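Welcome to this short tour. Take a look at the sequence and the structure below, and then read on with both in view.

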Amino acid sequence: MTTALANPAEAILFEVSKPGRRCLRLPELDVPKVDIKAALKGAKLRAKPAPLPEVGELDLVRHFKNLAQKNFSVDRNFYPLGSCTMKYNPKINVTLLSLPGFTKAHPHLPEADLQGHIELMVTLEKWLSEISGLPAVTLQPAAGAQGEMTGLMVIKAYFESKGEGKTRTKVIIPDSAHGTNPATAALAGFTPLTLKSTADGSVDLAALKAMIGPDTAAMMITNPSTLGILEPNMVEIAKLLHTAGAQLYMDGANMNAIQGMVRPGDYGVDVMHFNLHKTYSVPHGAGGPGAGPIAVASHLEPYLPTPRPVRNADGTYSLDSKRPDSIGKVRSFFGNYGALVMAYIYMAQLGREGVRRNGENAVLNANYLRAKLRGVYHIQNDKACAHEVVFTDKTQNAEHHISALDIAKRMIDYGIHPMTIYFPQPNVVGGQGAMMVEPTETESKETLDYFVVVMKKIASECKDNPEIVKTAPHTTPVSRVDEKTATTNPQLYCPMCIA
Amino acid sequence: MPFIQNTDADRAEMLKAIGVGSIEDLFKDIPANLRLKMSDASMLKLPKGKGELEVTRHIHELLAKTKNAGDYAYFRGGGIYNHFVSTLIDHIALYDGSFITAYTPYQPECSQGTLTFIYEFQSSITALTGLEVANASMYDGASALAEAMMMGKHVSEDRHRKENRNTFVLAGAVNPEYLQVCKTYADVAGLKVVQVATGADGRVDGQALAKALTRKVFAVAVQSPNYLGVIEDVEAVVAAAKENEILVVQAVGEALSLALLQTPAEAGVDVCVGEGQSLGNHQFLGGPAFGFFASKKDWLRKMPGRIVSETKDKDGRRAFALALATREQHIRREKATSNICTNQSLCALRALIHIAAWGKQGFVELAEHTVAKTQYAISKLTSVPGVKLAHTGAPVFNEFVIQAVPGLEKKLLKKKVAGGLPLDKYGKGRRGQYLVAITEVTTKADIDRYAEALTEAMKGKPVAV
Ligand SMILES: Cc1ncc(COP(=O)(O)O)c(C=O)c1O
C-alpha cells in the first residue's frame, strides 16, 4: 500500500520539503544590515541552520487540509467522548477572539489600557461564582488538572496557616476518579488514599467514615461521578469532612450536568474547578488549550493565586498583587486568557435561562440514550443518570468475545467518534470494559436516534458478523493502528530533522 | 434556543421514552431544598442571554476600553512578543473546525490529522533544539520549567538514590513569571529554589554559580537569552553542573533565538523548555500559547506530557499514535510523571504552521532581521543623552536593558510609545532600567520615534550614572 506515499499530499512536511521553497517574506530591512557574527560576538552560534521544512503556500495549505480530513471533529461528527463534553463550539467565539483588541493584547500594557479585559475577567469570575455558589474565583489555572493542583495548594496553605500543615497529609479519592485527581494530589505533596465506590458507583459512607482521620486534608469528589451518577450524599459527605476539620474538593469536570440546578457551595463544597473547555464551549483544540478556574469558599480566598482582577470603588479595574497569603502564581500572566474570552462570549449568550437549560438538556439526552439502548448493552447502574451514561461490553464480551475497544472502532465506520472506553477503570465497573457516552445538550434527537440505530446494528454485527467488528474500522485512512509498537519502539521525530 | 436543537415536542417524546414525567425527575438525587428555583430571581444571578448581534456589540464596547500593541510604537516583551502572525495560521487552526473541535487523539484511526501534526511539531522542536524527544506541549514556558524541575527531582531520585537532593538552582536572570511558578510548585513538593545572581555583564555570575552547584542540587536551569535579553554561555553552565551530576535545563523565552544560537543539544543540556508564543501564537494577554519541552532520550520515560510516535497500521501503512502512556496520569494515577491532561496542542499546531511557512531560510532571516533591528535600536537609544546599556560585554538577541531614569513610562505613552518595560520591581539596583524588546514588526520609524520621545522625556533629568 506504499503507493499512497507517492502523493505529496500524503507525505509529511519534512518529506515534501525542497530547498528554496517558502511561503512568507520579510519586508525590506529598513535599518543598516549587520554582520550577524559580529553583532552576536561572544555568543556561540549553531553549526547549521535548523533543518526545517521548505514548502510553498499551496502545498502547505493542502497538507493541513488533507490532515484535517483525517480527523473526526465536533464540526463534522457526533463525538460522544464521555467526560470530555464535546459540545458544539459556536463560531462567534473564534470570530470575536480574532479581533486585534484580543490578539494584540500584551500582558505588559499599562493597567489603564487593560480596563476592558480586567472587567471581562471580573465579570466571568462573578458568573462562575454565582454558578458554583462559592464567593471567590481565580481564572489562572490553564486546565482542569492545574485547577485541581491550585485547589489543593490553597487547601494546603490554609492548613499551614492553622498550624496543621504537617499533620494533614492525606487526600481521599474515590477509585472512580479521573487519573488527574491522584496525580495532582501526589504532585501537591499529599498522599492519596483510594476509596472504593459502592456497587452503584456512589461514595460508600461507612468506608469514608473509617478513612477520615486527623491526618485528612481533603476529599476530592467528582459530582456527578465519572459513572455519570449524581452523588446522593453530598451534604453528608461534606459534613463528615468538616466535622473532622477537613475540606471538600469537587472535581467540576462534569458541571455540564448540574449547572443552574444546584450550586456546589450549597452542598458544602469548599473548592471546585470548572473545565471551561467542557462546560463553557471553549474548543478542545486537538488536546487543548482549555481553562480550569477554581471557585473557593471565603476562608480560602486569601490563598488564591495573584494577580487578582478587581473592581475598584470608583468603577475602574485593577490587578491586585498585594495578597500576602497567596500561594503565588500557577501560570504566567493571566492564564489562558483567550480561552476565558471564549467562555465569556458563550456564557453571555446563554444567560441565566441558558445555563439551566444546558444542564437539563444534557441530562435529558444522556437518559434518552440510556433508555433506548437498555438491554442492548449492559448498564452497571441502570438508574437515572446525569450528563453521561456508562455502558459496558459485558454482553458482547461474554457472548462473542468482542470488547469495548472493538465496538468503539466499529463506530468510526458509521461516522461517529467513539465514546470514552475503559474509563472508569474496569475495577469500578465489575471488571467490564466501560463505554462512557456523553451526548451533550447540543445534539438533536435525530442524531441521538442515529446513534441508537448504529449501536444496535453493531450489537447485531457482534452476533452475525463478529469479524467485521473485530477488524474495524474499515473506512478510515489507516486501519487499526499498532499502538503497542509506538510504545515499545518509539519513533518520535522525522529522521530529516536531525541534520 | 441558542445551541439547543431539541424542540418541546422532542423533549416530550424523549421523556416518554425514558419513562419520567419531567426533566426535574432526573435530578432527584439532588435534595429538593438545594435545587435552584428559576422563579426565585435571587438564585443564580446571571444576566439575560444575548444574541450574536448584541454580544458582538458588547465585546466591541469592552475592547473600546482597551489599547493593544498595535496602538503604539511597541517595545515590550518580557516573555510575550509582538510578532507578526500569518493569516495562514488562523485559516488552518482557528477557522477550520477539523483541529480546533477535535480532542486528544485517543482513537488513532480517526485522529491521524492531529497525530501527524503533533509528530511534525515534535520533529520541528527536535530540529530547533537538537534534542531527540519533544512532547506535544505544556501549558506555557513557566509551567514547562516547573515540570522540568519536577522531572529533575525524579531523575535524581533514581540516579542519586540515597542523597535526597532537594535544591533547584535558577542560574541568573530567569523570567520572574517562571520563577514564581517554579516556587509555587516547589513549595508544595518540599523543594528549595535558589536563584544565583547575575554579574555586571548580565550573565549569571560564574563563581557564585559554581559555589551553588553542590551535591544538594538535583537540577539547574539557565534561561538564554535570559530575562535581561543577554545570551548566556550555556556550555559553561553545563560544565559547572557536570562534576556533581546535576541535570541541566535550558529555558528559552524567545524561541526565534534558536534559529541562530548554539542549540541546547550542542551546548550539552539535558532538557530544553520554553515559551512558544513567539511561534505563530497571538498575544492574548499572555495565553493561550504553549510551553515546549524537549529532552535527551535518556530521560524519555520520565518526561511529562503526551508524546506521539510513528508506527504502522495492521496493513503495514504508516500511521501515528500516542506513545508511552504509562507515564501519564490516566494509566499511572498517583505515580504519573505529571498531572497534565489537557494541554495546548492547538497552539503547537500554530507553531508548526509558522515554522513551516517561514521555512528553513525564512526562519533564519527572521532572526537576522531581528538582530539588525535590535542593534539599530541599541545604537539609537544609547545615543540619547543620559541613556546607556545597563549591561555590556555579553551579546543580546532581541531584547536589551537600558539604564535611564525612573518615571519615563507615562511621558512616552503620551507620545504613543510603549517603551521598554520598567524593571524597577524586578530587583535591587534596577531603578531607571527598562527592558526593550524588538521584533520583525518593529520599524525603523518606531525606533526613531522612541528615541525622539526618550530624548524629550530625559530633558533636564539628572544623567544616570
Ligand atoms: C472528571 C475529570 N476530571 C479532571 C479532568 C482533567 O481536566 P483537564 O484535562 O482539563 O486537565 C478531566 C478531563 O480531562 C475529567 O474528565
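## Salt bridges

A salt bridge here is a side-chain nitrogen of Lys or Arg within 4 Å of a carboxyl oxygen of Asp or Glu. This is a predicted model, in which local features need pLDDT of at least 70 and side-chain atom pairs count only at pLDDT 80 or more, while totals for chains, interfaces and linings use all residues. Side-chain values use heavy atoms, without hydrogens and water; residues are numbered from 1 along each chain as its sequence is written, and chains are lettered from A and ligands numbered from 1 in the order in which they are written.

Helices (H or I, at least four residues) and strands (E, at least two) are DSSP runs, numbered from the N terminus. Both A:Arg410 and A:Glu461 are buried, where buried means under 20% relative accessible area, exposed over 50% and partly exposed in between (1.4 Å probe, protein chains only). Over all chains, the structure holds 50 salt bridges.

## Where the chains meet

The contact (heavy atoms within 4.5 Å) takes 191 residues from chain B and 204 residues from chain A. The area buried between the two chains is about 17300 Å², with 64% of it given by carbon and sulfur atoms; buried area is the accessible area (1.4 Å probe) that two parts lose on being put together, summed over both. On the chain B side, B:Phe3, B:Glu109 and B:Leu285 lose the most area to chain A, together 6% of what that side buries.

Between chain B and chain A the count is 13 salt bridges. In one pair, B:Asp233 and A:Lys44 have their closest N and O atoms 2.8 Å apart. B:Asp233 is partly exposed at 25% relative accessible area, and A:Lys44 is partly exposed too, at 35%. Another salt bridge joins B:Asp140 to A:Arg331, with the closest N and O atoms 3.7 Å apart, and both of these residues are buried.

## Aromatic rings

B:Tyr119 is buried at 1% relative accessibility, and B:Phe320 is buried at 4%.

The rings of B:Phe121 and B:Phe290 form an edge-to-face pair, with centres 5.5 Å apart and planes at 75°. B:Phe121 lies in helix α5 of chain B, and B:Phe290 in the loop between β7 (271-275) and β8 (291-295), so the pair ties together parts 169 residues apart in sequence.

## A helix in chain A

Helix α7 (residues 144-161) of chain A has 18 residues. Is α7(A) enclosed or open? Of its 18 residues, 16 are buried, so α7(A) is largely enclosed by the rest of the structure. After α7(A) comes A:Gly163, whose phi is positive, near 75°.

Methods
Rings of Phe, Tyr and Trp (its six-membered ring) pair if their centres lie within 6.5 Å; planes under 30 degrees apart count as stacked, over 60 as edge-to-face and the rest as tilted. The expected span of a helix is 1.5 Å times one less than its number of residues.
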